[in-house]
Amino acid sequence: MKDHLVHFPDFHKYESNGLSVYLESGNGNQLPLLTRKYIQNLLKVNMEGPYGPEWPSEEKVKRREMVAPEARYIFVRQSSNDFIAKKNMEQDAGVECTHEAHNEDRLLGFVHYRFVLEEDLPVVYVYELQMEPSVQGKGLGKFLMELIELIACKSQMQAVMLTVQKANKFALAFYRKLRYVISSTSPSRVDPLVSLCL
Ligand SMILES: CC(C)(COP(=O)(O)OP(=O)(O)OC[C@H]1O[C@@H](n2cnc3c(N)ncnc32)[C@H](O)[C@@H]1OP(=O)(O)O)[C@@H](O)C(=O)NCCC(=O)NCCS
């Protein structure tokens with residue numbers, strides 16, 4: 001029997017690859033103004049390039065989606081104590097410091113997901129997965145997707161789905177690595193988008 005037990009890591013904290021962060025949940029209709037500004041800014045930093053001339057219209061869509069009551073969030077935060085300690089160490093070592101220390105714990109990224117019906121199947125749909133450039137490639141994206149899969153499993157959803165732009169090769173490679181495949185409902189034949197599912 002023991003062999004059938006599945007062990008999930010402790011998802012409240014992530015301490016690996018030089019990061020020490022914790023997770024916090026949120027809802028689209030209860031986001032503080034500073035958090036909304038943070039999301040808008042990170043989306044612009046990460047997605048303006050891949051979207052190119054489509055960005056201004058896409059940005060409007062994303063701003064509406066961001067605050068929808070059905071939008072669920074998991075935020076990644078670095079405690080300000082850890083952040084200040086790291087910055088002090090960097091300054092002592094003569095590394096130039098480009099960030100101000102904040103009173104509030106610093107956000108490093110987030111995932112926006114929803115429970116939806118996709119062609120009559122209940123699924124968790126990942127609307128956004130965004131990490132700040134400085135923390136990309138440190139395992140946080142994979143960690144958040146594992147948590148989303150756990151949430152989907154515990155909520156008896158049938159799949160995890162998301163849409164990626166075909167041009168976003170980096171994200172496509174990331175999801176493929178996590179075993180996501182092209183969904184049968186994917187718009188990829190007509191759009192520059194591709195839907196993936198697990
Ligand atoms: C895409 C993104 C969410 C990935 O998160 P991340 O924290 O940078 O990725 P991780 O460090 O968790 O990588 C997880 C795995 O994917 C692999 N991977 C990441 N990028 C890869 C790439 N370009 N090619 C191949 N493998 C890749 C990593 O090597 C890692 O594998 P490992 O566990 O065997 O080491 C993040 O880079 C990001 O926010 N990008 C900008 C926004 C974006 O494009 N979001 C997706 C839009 S749908």
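Colleague: Which residue follows α1, and what is its phi?

Modeller: α1 is followed by G52, whose phi is positive, near 60°. This is a predicted model, in which local features need pLDDT of at least 70 and side-chain atom pairs count only at pLDDT 80 or more, while totals for chains, interfaces and linings use all residues. Residues are numbered from 1 along each chain as its sequence is written.

Colleague: How many helices and strands are there in the protein, and in what order do the elements run?

Modeller: Helices (H or I, at least four residues) and strands (E, at least two) are DSSP runs, numbered from the N terminus. The protein has five helices and eight strands, and from the N terminus on the order is β-β-α-α-β-α-β-β-α-β-α-β-β.

Colleague: What span does α1 reach, and where is its kink centred?

Modeller: The expected span of a helix is 1.5 Å times one less than its number of residues. Helix α1 (residues 33-51) has 19 residues and reaches 25 Å from its first C-alpha to its last, close to the 27 Å expected. The bend at a residue is the angle between axes fitted to the seven residues ending there and the seven starting there, and α1 has a kink of about 40° centred on V45.

Colleague: Which residues of α1 are buried, and what covers them?

Modeller: A residue is buried if 20 or more other C-beta atoms lie within 10 Å of its own, exposed if 12 or fewer, and partly exposed in between, with C-beta atoms placed from the backbone. In α1, I39, L43, N46 and Y51 are buried, and what covers the buried residues of this helix includes α2 (55-66), β4 (106-118) and β5. Across the protein, buried residues make up 20% of the 198 residues.

Colleague: Why is S20 classed as partly exposed?

Modeller: S20, which lies in strand β2 (residues 19-27), is partly exposed because 15 other C-beta atoms lie within 10 Å. S20 and Q78 are 58 residues apart in sequence, yet 6.6 Å apart in space, C-alpha to C-alpha.

Colleague: Which elements supply at least two residues of the shell around the ligand, and which gives the most?

Modeller: A residue is near a molecule if its C-beta atom, placed from the backbone, lies within 6 Å of it. β5 (121-131), α4 (140-154) and α5 (169-177) each supply at least two residues of the shell, and α5 gives the most, with five residues. Of the 18 residues around the ligand, M131, Q136, G141, K142 and A173 come nearest.

Key:
Two residues are in contact if their C-beta atoms, placed from the backbone, lie within 7 Å.
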